[in-house]
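Hi,

Here is the structure I promised to pass on.

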Amino acid sequence: ELACQYQGGEGAFTTWCRTYGMPMTTADTAARTNRWRGMHPMIVKFWKELESAAIRAVRDGGTHEYRGIKYVKRGSFLFCRLRSGRVLSYAYPQLERGKFGGDALSYMCVNSVTRKWERHHTYGGDLTNHVTQATARDIQTHGMLNAEAWLAEREVDGGIVMEVYDETVVEAPI
């Protein structure tokens, strides 16, 4: 699942298999990747449509939407408006010829390893990852606010003491 859900191809699947000590041939990883995609046509469609909306926003201007997620280019930024209303920003977007033909999208960002400002080439699965993770954070934040409000309404001592990745830890008396 993790190797495939954000559009990882046979290379990502092979790397995952090597990392976890699962011997696989190139033919095996290609077949499994294709099988996964065949079993998840709506996810594959989501990658393609999200990437298409982002590319059209950069190429044609205007707002382009898929399933309530809107892309618009203004000045030096491509903005992605989530269904929650929160906005993700991509600096200095540009289109280039992709390795499979057609348009490919890139933007400037800080490389998390080198800590240097550089051009990042993106694709539908990467954009899907951004939207999915940001939406999950929005849901978690909403839950955190609800937990704090619930405790305050009941005048219960305690509250959120920490967050661990996708979990919120609340301390309250029994």
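Below is what I found, starting with the whole chain and then going residue by residue.

A word on the ground rules: this is a predicted model, so local features need pLDDT of at least 70 and side-chain atom pairs count only at pLDDT 80 or more, while totals for chains, interfaces and linings use all residues. Residues are numbered from 1 along each chain as its sequence is written, and side-chain values use heavy atoms, with hydrogens and water left out.

The whole chain

The protein chain has four helices and eight strands (DSSP runs, H or I of at least four residues for helices and E of at least two for strands, numbered from the N terminus). Going along the sequence, the order is α-α-α-β-β-β-β-β-β-α-β-β. The radius of gyration (over C-alpha atoms) is 20 Å, whereas a compact globule of 174 residues would be near 16 Å; that globule rule is 2.2 Å times the number of residues to the power 0.38. The C-alpha trace spans about 60 × 50 × 35 Å along its principal axes.

Of the 174 residues, 30% are buried. Here buried means under 20% relative accessible area, exposed means over 50%, and partly exposed is in between, with a 1.4 Å probe and protein chains only. As for charge, there are 22 positive and 20 negative side chains, with the centres of the two sets 10 Å apart. Lys and Arg count as positive and Asp and Glu as negative, leaving out His and the chain ends; each charge is placed at NZ of Lys, CZ of Arg, CG of Asp or CD of Glu.

Two buried threonines

Thr 29 sits in helix α2, residues 26–39, and is buried at 0% relative accessibility. Its side chain makes a polar contact of 3.2 Å with that of Thr 14. (A polar contact is a pair of N or O atoms within 3.5 Å; within protein, one must be able to donate a hydrogen and the other to accept it, and residues adjacent in sequence count only if both atoms are side-chain atoms.) Setting aside neighbours within four places in sequence, Thr 29 also has contacts (heavy atoms within 4.5 Å) with residues including Glu 10, Phe 13 and Met 24.

Thr 122 belongs to strand β6 and is buried too, at 5% relative accessibility. The side chain of Thr 122 pairs with that of Asp 126 in a polar contact of 2.8 Å. Beyond four places in sequence, Thr 122 touches Glu 51, Leu 105, Ser 106, Tyr 107 and Leu 127.

Arg 83 is in the loop between β3 (77–81) and β4 (87–97). It is exposed, at 68% relative accessible area, yet it touches Arg 67, Gly 68 and Ile 69, not counting residues up to four places away. With Arg 67, the side chain of Arg 83 reaches the backbone oxygen at 3.4 Å.

What is the phi of Arg 115? It is near 65°, a positive value in a residue other than glycine. Most residues other than glycine have a negative phi. Arg 115 lies in the loop between β5 (103–110) and β6 (117–122) and is exposed at 65% relative accessibility. Glu 155 also has a positive phi, about 50°. You will find Glu 155 in the loop between α4 (124–153) and β7 (159–164), exposed at 74%.

Cheers
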